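Trainee: Could we go through this model together, beginning with the terms and then turning to the chain and its aromatic rings?

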2 protein chains.
Amino acid sequence: MMHVPMTVGAMMEHAEKFFPKKLVHSQTHDKLHSLSYKEIGERVRKLMSTFTELGIKKGDKIGTLAWNHHRHLEIYFAAPGMNAVLHTINIRLTPEHIIYIINHAEDKLLLVDEDILPLVEQIKDQLTTVEAFIVMTDKPELPDSSLHPLYSYEEIISTGDATFPFSKDIDENDPAGMCYTSATTGKPKGVTYSHRGIVLHSFALGLADSAAISESDVSMPVVPQFHVNAWGTPFACTWFGATQVLPGPRFTPERLATFIEKFRVTISAGVPTIWIGLLQELEKGNYDTSSLRAVLCGGSAAPFGLIQAFEEKYNIPFYHAYGATETTPLATISRLKSYQHGLTKEEKLRERSRQGILVPGLEMKVKGKAGDVAWDDQEMGELLIRGNWIASEYYKDDRSEQAFQEGWFHTGDVVTVDEEGTIKIVDRTKDLIKSGGEWISSVEIENAIMSYPDVLEASVVAIPDAKWQERPIACVVLKDGVKEEGVKEALLAFLEPQFAKYWIPDDVLFYNEIPKTSVGKFLKRQLRDQVKDHYQIK
Amino acid sequence: MMHVPMTVGAMMEHAEKFFPKKLVHSQTHDKLHSLSYKEIGERVRKLMSTFTELGIKKGDKIGTLAWNHHRHLEIYFAAPGMNAVLHTINIRLTPEHIIYIINHAEDKLLLVDEDILPLVEQIKDQLTTVEAFIVMTDKPELPDSSLHPLYSYEEIISTGDATFPFSKDIDENDPAGMCYTSATTGKPKGVTYSHRGIVLHSFALGLADSAAISESDVSMPVVPQFHVNAWGTPFACTWFGATQVLPGPRFTPERLATFIEKFRVTISAGVPTIWIGLLQELEKGNYDTSSLRAVLCGGSAAPFGLIQAFEEKYNIPFYHAYGATETTPLATISRLKSYQHGLTKEEKLRERSRQGILVPGLEMKVKGKAGDVAWDDQEMGELLIRGNWIASEYYKDDRSEQAFQEGWFHTGDVVTVDEEGTIKIVDRTKDLIKSGGEWISSVEIENAIMSYPDVLEASVVAIPDAKWQERPIACVVLKDGVKEEGVKEALLAFLEPQFAKYWIPDDVLFYNEIPKTSVGKFLKRQLRDQVKDHYQIK
C-alpha cells in the first residue's frame, strides 16, 4: 500500500480541481465578498509565495487575530500548505494572555483584522518574536499605525505567485495548526494540531452519521475561526466542496438569521449562547430557515428547552455534539440509532439532548470512583479519550502531566453513559457539587431550570457548607419583562418532583447576566466568587 | 497530537461497544443465521484465540475459500485483529491459479466452505505451505474428507476465549489483507492491503458524498467477499454499525430480490452483470424494493440502459463507481453536484452514467499521448491514481514495475475527463481499438448497443485490418425470444447518428453468451480469439 502523507494542502488542491466553481461568501468590515475555490486556491498560493518572501520557513508559527472571513480561511491553508503553522489567537482574551500566547508560540508573523489593530498596537512592545504585521482590510491604503513593518494583505499578495506549489516536504505528523485554550487558573494552554489529525478529523466530519458535510451543503460557522478552527468545518467544507458563508466581524443574531435566509444555509455550528440569541431573533423576525438541515451545538451543554424550541417550533434539526480544544474538537455527536425511531417525541428529544456517541476513529473510557463506570446512566465518571485527532500534550507546558496520562486525554468532564453508549455531560470535575458524600450535577439542575418558561439562562454553583461540605445555589437570568417576584418559589416547586431532595438548590439568586468566558461558556469560577460575596454581604 | 495506529481490530471494537444489538443476517448452505455484533465480536475473539492455538503468528497469511456469510466476516476481523493477514481467494479461478495463489502467498491455514472442499481436496497435494484446514459448516459432524488436519469451525472456536484481546502490536502500515487479481496474461497478481489503507478506505465509504454508509443502513454486498473484500463494505458497515445481509453461497437473482424485500435492504453493491440479472428478476416477480437508497455498481462500466431502468422503472438510485483490486477499491463515485440539479432528466442520467469524481483522500492524473489530458471530455488518456488505499506494488512480483511508476498506480484504464472532473472510462488500454491512427473506445460503442431494446449484452473487440490496422466488431447477445433476423441492420442504423463513421462496427456477430471473467467482467481476450476464429472459418 502506498504511504502518502495526509496534508491540509492536499484538501485545498482537491477543492481547486473538483469544485472550482463553488463559492465562499465572506462578510468583511466593508463589504460582502463572493470568491470561488478557484480564486481562493490562487490567493492561497499567492499567500504562500508572499510568506516565503517574508522569510517564513518550515515550522514557523503564523498568528492570526481575526474574525470569520475568507482571508482567514486562506491563511488556514497557506500556513500549513507551506509546512508553517497556523496559529489562531482568541481575540477575546485579555491583552496579558494574548501577549503570553504570541510569545509562547513564538509567532513570527501576525495577520490582523483592521478593527483589532488598536489591540495589537497596545501590546506590540511586549511581543518578542514577531517580525512583521499584515493588516486584513478592503481599503486600498494602509491604515495609520505604529506597527512596523506593516503590510496590507491585498497589496502584498497582489504580486504573489498564483501557481506556487503546496509543500511536498511534509510529514503528516508535522504541526499544521495551534490553538490556546483558557485554563481555570494560570496562563492559557497551547494545543498543536497535526496534518494527520486535521485530515482524519475532516473525514469524521464528512461521515453520514456525524456532521455529514457534503458538496451540497452551505455551511455557516458561527463558532469563531479562532476557536478550535471553527470546529474544523472550514477544512472539511473546503475538501468536500461545500459552499461556505463566513459571517465576518462582530455579527449580530440579525445578521445570522439574514444570512441563513439569503444563502440558504444548510448547516451551522456554534455554542448554546449563540443559538439562544438566534432563537430570540427568530421569534422577533419572520425568517425563512427551511434550508437548515443541521445546527451543531457544542462547547457546553445545550439546555433541553433550546433543543426543543429549534426542533419543534422551527423544525430545525439540532445536533448536540461534544469536544474540546484538545480534541480538534469533534468527539461525540448525538443521533438516534435506527431502532430508536419508535420512541415517543419526548423520549427522542431526551435522548438527543445527550452528547451522543463517540465518533468512529476515537476511543473512550469513563473513570469513576472505582474504575470504569457501568453503562447504566447512573454512575458518574471522568471522560477519557484517545485517538489521532486528540492532543498528546500542551505545547511546552508543565501542566501536560495532569491532563495527559498513560496515553489518554483526561477531559475534566464528568459524564454518565447509557446502555447505548451515549454520554451525558453532567459536570466539569471542578464544578461537581459534593454534598453529604454524594455528587450533584450542577449541569442537570441548570438544564431543568432553563426549561422553565420565565428563565433565559441559569447556572448552578456550590457554596461551602459546614454540615454538607457544599450546597447548590441557582443563579438565574429571567427573560425580558419577567418580574422576580414569586419566581423563586415557583421554580423550586418546579424542580422538586424532578430531583432527589438533596439536589434542590438552597437558594435562587437573580442576575442580569451570567459571566461568560471568551467563547461563551459560563464562567463558574467568577460566579462562585460572586455568590460567595453575596452571602458574605448578607 | 496522539499517534494511535489505525487498525481493523479497532473497527470491530467500536461495533461491539456502540452497536452490540445490531444484526448480521447470514445465509449459509443449511440455514439463515442472525447474529448481533456482540455475538460476532465474541466469535471473532474466540477465533483469534483459536488461530493462536493453531500456531498463527504475526504476519502469517490465513486463506479463505468462501462465499458471503458471517463466518467469512468473522475472519475479516480475526486475521488482521491478531496481526495476521486475511487472504481471500477467488473460488472461481482455475485450480492452477488457486494453487499458485495459495503457495505464492504462503498461506498457513485455509478456511473453506463445505461445498468448496472437493476443489481443495483435488489440489491439496500441490499446496506447499498450508498446515491445517478448517471447514465452515452448520453440520455437527466433520465431513468425510482427505484433508488433514481438518477442523470444524464451530467446534474449534467453541472452546475459544470470548475475551481474547485484539493485538496492540500493530503498525498501521502492517499488512491486514491480500487479494489476487487476474492478469491479462500469466499468473494472478497479489495486492496487499494495510490496516491504514482499510481504515481510511472505510472513512471514505462513510462520507456523505460517497457511499454514505451509516448505522441506519441495511447493506447486502452482492460482490463476493473474495473480490476486493466485497469492496470494503463489510469493514465500513461493521465500523458504522450498519445491519448486514450476507446472501451466502450460489445465490440467485431470486434470493437477492427476496432478501431486499425481507430485510428492507438499503444499499447493495455489485458488478453490472449482477444488476442485469436482478433487473430480469424484478421484471418477473412482484418485489418491494422501496427500501433501497443506493445500488453501487462497479467492476466494469454499467450500460446507460441499465442505470435508466433502475432509476426510472424501479426508482432505485443507482451509483456508478470505479475502482480496482489495486485501489481497495473505491476510487471514484458518480453523484451530481448541487448546481447540476437543474439539468434535464436525460442530462442527469447521462452525467450519472459516468464513473464520477475522485473520492477525497486520493489524487489522480490522466496521461494522454502528450502529457496530462485537457478536461474537455474529448482527449483520452490512461488514469493514474495515488493515495493511502492504493497498492504500491504486486506482492513479490516482477510485473510491479509496469503498473507502479514514480509513485502512481497506472490503472490500465483509458478515460476522458469533463470540466467537472468526472471521469468516463472509455476503455482498457489493451482494448482500445486503433483504427487509422485514431482511438476508438470499445466501451462507448458497447454501451450504445446495450441501450438498444433487443440487446441483453454486447461487447466490441478489434480484429486486425490490413488497411486500418484494427477495426471494431460488435458481439451481441439478444434478449430471450428476440430473433436475429434484421437486428444487425437495425442496430447499425441505430448507431450511425451517434458516432463518427469510422467508429461504426464492421460487423455484428450474435452469441448466446459473452465469455466473462470469474468476477463477471467481459473476457475480451477470449472474445477476440473467438471473433478472429469466426473470420478465419468464414
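Mentor: Let us begin with a definition: buried means under 20% relative accessible area, exposed over 50%, and partly exposed in between, with a 1.4 Å probe and protein chains only. This is a predicted model, in which local features need pLDDT of at least 70, side-chain atom pairs count only at pLDDT 80 or more, and totals for chains, interfaces and linings use all residues. Residues are numbered from 1 along each chain as its sequence is written, chains are lettered from A in the order in which they are written, and side-chain values use heavy atoms, with hydrogens and water left out.

Trainee: What radius of gyration does chain A have, beside that of a compact globule with 538 residues?

Mentor: The radius is taken over C-alpha atoms, and the globule rule is 2.2 Å times the number of residues to the power 0.38. For 538 residues a compact globule would have a value near 24 Å, and chain A agrees with this, having 23 Å.

Trainee: What share of the residues of chain A count as buried?

Mentor: The count runs over the 538 residues of chain A, using the cut-off of under 20% relative accessible area. The share that counts as buried is 63%.

Trainee: Are the planes of the rings of A:Trp375 and B:Phe18 stacked, tilted or edge-to-face?

Mentor: Rings of Phe, Tyr and Trp (its six-membered ring) pair if their centres lie within 6.5 Å, and planes under 30 degrees apart count as stacked, over 60 as edge-to-face and the rest as tilted. The structure holds 26 aromatic pairs over all chains. In the pair of A:Trp375 and B:Phe18 the centres are 5.7 Å apart and the planes stand at 35°, so the pair is tilted.

Trainee: Which of these two residues is buried, and which is partly exposed?

Mentor: A:Trp375 lies in the loop between strands S18 and S19 of chain A, while B:Phe18 belongs to helix H1 of chain B, so the pair joins two chains; helices (H or I, at least four residues) and strands (E, at least two) are DSSP runs, numbered from the N terminus. With a relative accessible area of 30%, A:Trp375 is partly exposed. At 2%, the buried residue is B:Phe18.

Trainee: How are the planes of B:Tyr394 and B:Phe404 set?

Mentor: The ring centres of B:Tyr394 and B:Phe404 are 5.0 Å apart, and with the planes at 70° the pair is edge-to-face. The pair ties together parts of chain B that are 10 residues apart in sequence, because B:Tyr394 lies in the loop between strand S19 and helix H14 and B:Phe404 in strand S20. Both residues count as buried, B:Tyr394 at 2% and B:Phe404 at 13%. The arrangement asked for, with planes at 70°, is edge-to-face.
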